[in-house]
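Hi everyone, thanks for coming.

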Amino acid sequence: RGARGLLGCAHPRSARVSQTRPVAAMASVDLSSSSINLQKVRDDAAGNLINALESRAGRKALVLDPKLGPPLMSLVNMQTLKGLEVDKLYYLQGGTLETSCQEVVFIIRPRLELMHKLAEVVLGIREDINSHNQHANANVAAGNRPGNRTLLRTKKRMPIFTVFTVPRTSDACATILKHLGVYEHLVMRKLEIDAVPVERDVFLVEHGNAWRDLAVERDTSSLFDTARALHELQQKIGEIPLVFGKGTAAKEVAEIMERLRRERFAAKERGRDRWPNDANADGDGKESVEDDASGSDDDDEDSPRDSQHDSSEEAPDSAPFSKKRTDWGMDHGGLPVGPDGWTKTKTKTKKKKEEAPPGSFSVRVENRETAFGDLPTGTPQADMLLLIDRDVDMVTPLCTQTTYEGLIDEVLGFSGGGLVSFEQLSDDAGDAERTTSSDTKTSSTVKARLDSTDRLFREIRDLNFGDACVVLKEKSSAMQREYREMRASAGGSSEAQDGNNTNTNTAENSSHKKTQMSVSEIGGFVKKMTQNVKPGAGLSLHTAIAGRLLASTRGNKHWQRVRFGEVLDSERLCMEGDGGVLGGTNLTVAGNSFGSNFNTVYERLTLMIFRECNVRRVARLLALVCLTFGGLPPKRFDEIRKEMTHQYGPPTLLLLLHMEQAGLLFRSEERHSGSAGAGHKSSSKNAAAVKKRTEGFMNTRGKLKLVVDDTSSFGDGRSDASSSGIDRKGAPPPKRDIGGVAFAHSGYCPISVRVALSAVDGSWKKTEETLRLLPGPHFSYTQSFSDDDGVTPNVGAINRDWFDVRRSNAQVVRRDTAGGNTSQAQTPQGKKKPVVIVFFVGGVTRAEISCFRFASRHMSLGIDFVIGATSITNGFGVVDSLIDDERVFDALDRNALVSESDNRVGSAY
């Protein structure tokens, strides 16, 4: 029943989690080359975590939220935790845990389902200790009897239970804890950790259930946490001038972010207007309590108070609040003489012409504090913030990712902290590890952490998987070729030395030089080989991963290859639809008639159910069919639900219900009529959203050029495409747009990427008709300040002329290398490219991140992208979020595809 332990846990179930110990070393990711100061973001988050643990003295057991644990462990390493007297580390899974620590510290998200697990752990520990102490008292009483040799037990001290909720507390959670009877045993605190960087261009506001909360539960609490995180980020990098957004959740985040911006300024102004204590006061008076929104205003007010005397000397003697005892013949008797702002000399200053971008903090009234306190007064580090609601593009996460990193996520899966673990057969382990018997095969578990610290992974992570395999093959061939040349050189020198023993000293010296050169070559080769074949990194690791991916996608038998190929082909048919989208026309369905593509995909879907494929794969393809074909015909809608329920059991009904509530499963008549049938009240609530989402994809399939027919140039890195791909005048895109960002899904260009690139290309007014076809509103504005004083927050009309000028000045100069297979992006000296932060509310896929990296490096945009999201997800993650209890379905066995003895080979697909 116990919580899963990570460090030294004596509980029997701790062995199941001991594999995740390397997650503690994540803080090694280098953020110095980031376009914005993510290093400060990570340092502040780590400081808050360390301060929270330091506030609890003594030995402590640390229990982490399973979804929040990996980001937190990226901030500190295990040695730091040891120094903070953290004795044991657990993931919160309910049950109880055995500990002798003085305190148990929980760090969790304020989620209702976690409160039940928290109460179960606290009550379990208290019950175990009370039972132990009762036995100890009984033994003490028995030990006082003459001749009794009963072993005495020492009493255990009840630990202190401290709960840190990230990033804020929740009244609803407190109510649940009171109802469960554990609130009185807890010390409640909040831990302000908002954004956590995971790469030099990626940061997360870890809310793994954000999309589920918004789509199914209608819980908007994650939007406030997201807006707060973006608000706090701007305190460190400066206010971002331009804000764009698409989607309902994106608009709510922008509104909350602007409200926080104005509340912070208002709190600052209230602090300025407080009456300070007089210099001759007795000191008995107490400072007024600071508002929560003002943060650390006590420190900010020290400066105005200290400088008050200097400013009052410049005021005329007749000023009633000049703080001089002789003014007007008054003696204030130790009372406050007035607010700080009244004693300052107010002089009218002429408004200067604003040359810097809006929000650059360069326009300020002299001797006036800014709304954000101590901030850099230069240009902000980011120029544009783009908010995208995941609901705008639900098709992309349901498609299979075909980049190297994306396919690893699909087949092997990334655990917390970017860890990858898989079983490797002896045939894939190389000649040195193969068994001597041809009939006996062994397997070993390969574990590795993949991030930018691995140079080879950083080079191939964003390539199409086929191109990544080519790079690995070239590197392996180059190493083998270099080794053969080194052997040949060493062999030639040795033969020359053995065959000419009677030669002159000159010949001996020449042979000696050749031998010395060969030794140097050997040393250099060994050094290079050590870097590439060391365990857990380099060429050896990625060759094993590529072999594992090929074994999973191809298999050793024909029907295994067909299975994975059917998945990709079915997705391709869904993208194309039945209307010939490659020709530029949109899909039009009259009534309930569907074409051959739909019939083919539906037959494969029913065949997957008959084969007992994993329910997550079936639900994923089912949702994709509904979104791309506009729903299912009523007869087949009832038929597919019946077949899935019979195959996977009654819990499937709850999964299908959640899919309907989220708008991923619906009848075609709901789209055409705009409302559900009379007997389907649950679907009628979402009929409008369903109609907008499905028709949006079908209508924009041609306008956004989402499907690319020519796959010959995917991943070659040389696409000089028009960045957005949007057909503004109805004309077909230039031929050089073929390929582009479609490499990440083998022919499909993500809607989210197209929308983002259109915002970078120009004002959304040019593409407004296309954007209206997608679900949710779109908006754009400027975060500016009032023209009167230069410090009051204000929202202005969009003005991006300066942004386009900076883009043109920092335009990418592309030049092909000598080989012609790769390209380099360079900017003129001294010209920094504008930075655009793209934030996904609801999660982002690794393939989408690769698309933005591709756009930054290889497309003529003149832009650096930084990606933010509530989580990193994929199609399996979307389906998992709709499953209330994962134990009711078979787990996604990622090792099944390489097991020849298992009858369920290929169940993952």
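Which residues in helix 21 meet helix 22, and which residues of helix 22 do they meet? Please keep in mind that this is a predicted model. On the helix 21 side we have Phe637, Arg641, Met644, Thr645 and Tyr648. Their partners in helix 22 are Pro651, Thr652, Leu653, Leu656 and Glu660. Sorted by class, that contact has six nonpolar, two polar and two charged residues.

Now the geometry. Helix 21 covers residues 634-648, and its axis comes within 8 Å of the helix 22 axis, crossing at roughly 140°. Angles over 145 degrees would count as roughly antiparallel, so helix 21 and helix 22 are oblique to each other.

Helix 22, residues 651-661, also packs with helix 20, residues 615-629. Here the angle is about 30° and the axes are 12 Å apart. The cut-off for roughly parallel is under 35 degrees, and therefore helix 20 and helix 22 fall into that class. The crossing is right-handed. Val615, Ala619, Leu622 and Ala623 in helix 20 meet Leu655, Leu656 and Met659 in helix 22. That contact has seven nonpolar residues, with no polar and no charged ones.

Last stop, friends: Glu848, which sits in helix 29, residues 846-858. Is Glu848 buried or exposed? Its relative accessible area is 0%, so Glu848 is buried. Its side chain makes a polar contact of 2.9 Å with the side chain of Arg390. Leaving out residues up to four places away in sequence, Glu848 touches Arg390, Asp393, Thr396, Pro750, Ser752 and Phe840.

Terms used: Residues are numbered from 1 along each chain as its sequence is written. This is a predicted model: local features need pLDDT of at least 70, side-chain atom pairs count only at pLDDT 80 or more; totals for chains, interfaces and linings use all residues. Side-chain values use heavy atoms; hydrogens and water are left out. Axes are lines fitted to C-alpha atoms, for helices over the stretch in contact, and angles run from 0 to 180 degrees between N-to-C directions. Helices (H or I, at least four residues) and strands (E, at least two) are DSSP runs, numbered from the N terminus. Angles under 35 degrees count as roughly parallel, over 145 as roughly antiparallel, 65 to 115 as roughly perpendicular and the rest as oblique. A crossing is left-handed if the near helix is turned anticlockwise from the far one by less than a right angle, and right-handed if clockwise. Contact means heavy atoms within 4.5 Å. Ala, Val, Leu, Ile, Met, Phe, Trp, Tyr, Cys and Pro count as nonpolar, Asp, Glu, Lys and Arg as charged, and the others, Gly among them, as polar. Buried means under 20% relative accessible area, exposed over 50%, partly exposed in between (1.4 Å probe, protein chains only). A polar contact is a pair of N or O atoms within 3.5 Å; within protein, one must be able to donate a hydrogen and the other to accept it, and residues adjacent in sequence count only if both atoms are side-chain atoms.
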